[in-house]
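Please view the sequence and the structure together.

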Amino acid sequence: MTPQPVRLPSVTYAGRTYTRVSSGNNVGRYRCTSGARDSLQRDAWRASGKKIPRGFVIVNHRRDYTTTNLDDLECVPKEDVASATLARATTPKRCLACGELFGRRYGARYRETSVQFRRRKTCGMKCQGLWKQGRPRGGRMP
Ligand SMILES: [Zn+2]
């Protein structure tokens, strides 16, 4: 038996099908499977009669890529999204164990990714240990 191809999740909007993008920069977003392969939320925005100026993108702050509710969507300049992402990746955070501010790790041999930095709760290994001790086994991260 040949295995059946995995069907990607999809939604129907205004009579057209939009399938979840599974790789690349647009992972998680929904794109139309026919005609102009535009994204679900761009089409929803334009269907309401609003324009998307050149260089602008449609964002949903909760990262719900299936919503077509215009109250949840916002049309913003592309640069603003990039700078918001950069700010999240570079703004110092407060250590949950000692309360000191700490930044993203940049070293000659090791560079922390923005996602690693966002997930890190403490300033270093010592605080990481202290912080973990104070928490129940398998306890949820705050
Ligand atoms: Zn600390």
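## Domains

Domain bounds are taken from an automatic or database domain assignment. The model is predicted. For this chain the assignment gives domain 1 as residues 10-84 and domain 2 as residues 91-133. Between the C-alpha centres of domain 1 and domain 2 the distance is 34 Å.

## Strands

Strand β1 (residues 10-13) and strand β2 (residues 16-20) run antiparallel and are joined by four bridges. Tyr13 has Arg16 of β2 as its bridge partner. The hairpin of β1 and β2 has two residues between the strands, and in this hairpin Ala14 adopts a positive phi near 50°.

β2 also pairs with strand β3 (residues 30-32), in the antiparallel sense and over three bridges. Here Thr19 has Arg31 of β3 as its bridge partner.

## Nonpolar core

Seven residues form the largest nonpolar core: Tyr18, Tyr30, Leu40, Ala44, Trp45, Ile58 and Leu73. Helix α1 (residues 40-47) supplies the largest share of this core, with three residues.

## Contacts of Tyr30

Which residues is Tyr30 in contact with, leaving aside its neighbours within four places in sequence? The contacts are Val11, Tyr18, Thr19, Arg20, Ser39, Leu40, Tyr65 and Thr66. Among them, Tyr18 and Leu40 are listed with Tyr30 in the largest nonpolar core.

Methods
Residues numbered from 1 in each chain as written. Predicted model: local features only at pLDDT ≥ 70, side-chain atom pairs only at ≥ 80, totals over all residues. Core = buried A, V, L, I, M, F, W, Y, C linked by C-beta atoms within 7 Å. Buried ≥ 20, exposed ≤ 12 C-beta atoms within 10 Å, placed from the backbone. Contact = placed C-beta atoms within 7 Å. Pairing = 2+ DSSP bridges.
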